[in-house]
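Q: Hi! Could you walk me through this model? I'd like to ask things as they come up.

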Amino acid sequence: MDSSLNRGWLNGFIGMLIFSGSLPATRVAVLEFTPLFLTGIRAVLAALLALAVLLITRQKWPQQQDIFSLIMVAAGVVIDFPLLTALALQHTTSAHSLVYIGLLPLATACFAVLRGGERPRAVFWVFSILGSLLVGAFALSHSSGGSIIGDVLMVAAVLLCGLGYAEGALLSRKLGGWQVISWALVISLPLTASVTLLVAPEAIPEVSTAAWIALTYVSLFSMWIGFIFWYRGLAQGGIAAVGQLQLLQPFFGLALAGLVLHETVQMSMIVVMTGVLVCVFGAKKFSR
């Protein structure tokens, strides 16, 4: 059991690291691609790769009772979260929007209780809420890059993503982590391909190398590879518990935003991150 839990936390940590680059990369890409086109094309590219792997490995088609859960995963993490964050990043900086990702663990834990029947101990909720409050306070004290529209879009994205995480993790115990995100991408393909064709520019635009790299990252890593580790980690270590690792994602993302986008990153981030680390380890200890 301990070995499985440790593997779950390791896989979850790798997934979290991969996701940390998502918002900075989206910020780069959305400067040159429209949000709708970016949402569509990243999902289409990931779906084509996922479909090829599913066919090559001869995976069985999902059973009928799994379709609804796959649709919920697709809606939450394939369509809604990428689209809402892309729209939000037209109104705010990636450094500001990243702090809302700190609310994801709490949202994921709530859906783990509602959908997965998990029952973490009371002390777990203390650490989870405290960690979210720390991230929220950090957001309020560094809100110069935000806007009301951007904030509302990010909150909506976080809630829908939390549901998609919990639902996908439950299904991963049956189908496997990479199979869940792969089938979710394939199920979304008719919609995402149609949207991509409808909003695609008439001619290939002049896009910078940085934007192409960002598009490649969000298509392959954010939409597919990251979920392979993340869903496996949630399934192995517990949805509510491993989900707390995303309290750390804003800080890794902020570091990337500072390095890649040259956005301002305050030193107070280190102090808050220390408190968040305590909350993550506390939540891990009392998650069962």
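**Chatting through the fold**

Q: Let's start with Val276. Which residues is Val276 in contact with, leaving aside its neighbours within four places in sequence?
A: Val276 is in contact with Gly131, Leu134, Val135, Leu247, Leu248 and Phe251, where contact means heavy atoms within 4.5 Å.

Q: Before we go on, what should I know about the model and its numbering?
A: This is a predicted model, where local features need pLDDT of at least 70 and side-chain atom pairs count only at pLDDT 80 or more, while totals for chains, interfaces and linings use all residues. Residues are numbered from 1 along each chain as its sequence is written, and side-chain values use heavy atoms, with hydrogens and water left out.

Q: Thanks! Where does Val276 lie, and is Val276 buried or exposed?
A: Val276 lies in helix α13, residues 268-285. Its relative accessibility is 0%, so Val276 counts as buried; buried means under 20% relative accessible area, exposed over 50% and partly exposed in between, with a 1.4 Å probe and protein chains only.

Q: And what separates the C-alpha atoms of Val276 and Phe251?
A: They are separated by 9.8 Å, with the two residues 25 apart along the chain.

Q: Let's zoom out. How many helices and strands are there?
A: The protein chain has 13 helices and zero strands. These are DSSP runs numbered from the N terminus, with helices being H or I of at least four residues and strands E of at least two.

Q: How much of the chain is buried?
A: Buried residues make up 54% of the 288 residues. The accessible surface comes to about 12,700 Å², and 70% of that belongs to carbon and sulfur atoms; the areas come from the Shrake-Rupley method with a 1.4 Å probe, and for residues only the protein chains shown count as cover.

Q: What about contacts between residues at least 6 apart in sequence?
A: Of those, 92% join residues at least 24 apart.

Q: Switching to α2, how many of its residues are buried?
A: Nine of nine, so to speak a mostly covered helix, spanning residues 22-30. Among them are Pro24, Arg27 and Val30.

Q: How does α2 pack with α10?
A: The angle between α2 and helix α10 (residues 209-237) is about 140°, with their axes 8 Å apart. Axes are lines fitted to C-alpha atoms, for helices over the stretch in contact, and angles run from 0 to 180 degrees between N-to-C directions. The two helices are therefore oblique to each other: under 35 degrees counts as roughly parallel, over 145 as roughly antiparallel, 65 to 115 as roughly perpendicular and the rest as oblique.

Q: Which residues make the contact?
A: From α2, Ser22, Ala25, Thr26, Val28 and Ala29 take part, and from α10, Ala210, Ala211, Ala214, Leu215, Tyr217, Val218 and Ser222. By class, there are nine nonpolar, three polar and no charged residues. Ala, Val, Leu, Ile, Met, Phe, Trp, Tyr, Cys and Pro count as nonpolar, Asp, Glu, Lys and Arg as charged, and the others, Gly among them, as polar.

Q: And what are the angle and axis distance for α4 and α10?
A: Helix α4 (residues 64-88) packs with α10 at about 135°, with axes 13 Å apart. That makes α4 oblique to α10. Val73, Val77, Val78 and Pro82 of α4 meet Met223, Phe227 and Tyr231 of α10.

Q: Last one: what does Ser132 touch?
A: Not counting residues up to four places away in sequence, Ser132 touches Gly102, Leu103, Leu106 and Leu247. Ser132 lies in helix α7, residues 122-141, and counts as buried at 5% relative accessibility.
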